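Trainee: Could you walk me through this model? I would like to start with the ligand.

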Amino acid sequence: MLNSGLIQALRHPARPTVSVEFFPPKDEAGGAKLLQTARTLQPLGIDFASITYGAGGTSRSTTLAYGAELVKLGLPLIGHLTCVGHTRAELVAIIKQYAEAGFSGILALRGDPPKGQKDFTPHPQGFEHAHELVRLIREIHPGRFAVGVAGFPERHPDAVDDLSDVRFLAGKVSAGADFVTTQLFLDNEDYFRFVDRARAAGVSVPILPGIMPVLSLKQARTFCGFCKARIPAALIAELEACGPDEEAQRKVGVSWAVRQVRGLLARGAPGYHVYILNKAESAVELFAALRN
Ligand SMILES: Cc1cc2nc3c(=O)[nH]c(=O)nc-3n(C[C@H](O)[C@H](O)[C@H](O)COP(=O)(O)OP(=O)(O)OC[C@H]3O[C@@H](n4cnc5c(N)ncnc54)[C@H](O)[C@@H]3O)c2cc1C
């Protein structure tokens, strides 16, 4: 099985599992940059890459196209897939395309409402929640893919409370998910509290923490605003101390991420997933610092 090494690495890590996340480029120049970034990062010990689907208004067809390019580079690839606007039949067709393109796994997501809509409305012939997509993948391709789902250390923004949120997470795992990748967070305590809640709710699969080396205070505010992630006061202070020097702020972002990853691994995280924003520089510096 294509995915068996990946699942094995996640379940029984001889060393931390390291993954990086790409988003589909908007144009050819962005595509060339994405592939260059992948070539730069690949020799640095990446276990798998993932590529988002329709996030932030990006085109969906490019997920398949660039996912296939990443597979050709030899990177085990997790393709994200959301239920937004899709019938069950369409999802079946996309899952088949992912299999044909050699994807090793799928991150099964509900997705966010399209721009301009407040609430998520399922397609009448589609799915309301991610666990239904997990079940579909397992039903039509049993054992073919490593299947991941999303977890939210600071709770999903629509969730009523922490407890119901992790109960629904447990439902996604019962439906067949092999692992959880978390939303980015900048305070490790949020991750550890989330893992404790998830374990208490019966989630026993690996929970891969999502890390984003911030690029600047402005970028962090925009991105974290979008994901509803909290920026710790200590990080804001470090970034503000750099003044308008964006390169200095980027270095602070890398240093914060290095400290986060060290703290996570020291307390048992199975690895880490880096939101690299299609850029190599901060990820290269992060990996280099962590080797020392
Ligand atoms: C690692 C990661 C990668 C992502 N990649 C993408 C991407 O590529 N493209 C994209 O568009 N978005 C992406 N997202 C964002 C994600 O699609 C949104 O956060 C979305 O709002 C929730 O998706 P979900 O899969 O967690 O949904 P669900 O698990 O369905 O949860 C959505 C909400 O419903 C609740 N819920 C869950 N199950 C049930 C149930 N059975 N009954 C009642 N309530 C329930 C949950 O508590 C939550 O509040 C990603 C998020 C993460 C963390």
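Trainee: How many residues surround the ligand, and which are the closest?

Mentor: The ligand is surrounded by 25 residues, the closest being Thr52, His80, Arg110, Ala150 and Phe168; a residue is near a molecule if its C-beta atom, placed from the backbone, lies within 6 Å of it. This is a predicted model, in which local features need pLDDT of at least 70, side-chain atom pairs count only at pLDDT 80 or more, and totals for chains, interfaces and linings use all residues. Residues are numbered from 1 along each chain as its sequence is written.

Trainee: Which element gives the most to that shell?

Mentor: Helix H6 does, with four residues. Helices (H or I, at least four residues) and strands (E, at least two) are DSSP runs, numbered from the N terminus.

Trainee: Turning to H2, which of its residues are buried?

Mentor: Leu34, Thr37, Ala38 and Leu41 are the buried residues of H2. Buried means 20 or more other C-beta atoms within 10 Å of the residue's own, exposed 12 or fewer, and partly exposed in between, with C-beta atoms placed from the backbone.

Trainee: Where on the helix do the buried residues fall?

Mentor: They fall within an arc of 100° seen down the axis of H2, so they line one face of the helix; the arc is that of the directions from the helix axis to the C-beta atoms. On the other side, Glu28, Ala29, Ala32, Gln36 and Arg39 are exposed.

Trainee: And Tyr272, why does that count as buried?

Mentor: Tyr272 counts as buried because it has 23 C-beta neighbours inside 10 Å. Tyr272 lies in strand S8 (residues 271–275).
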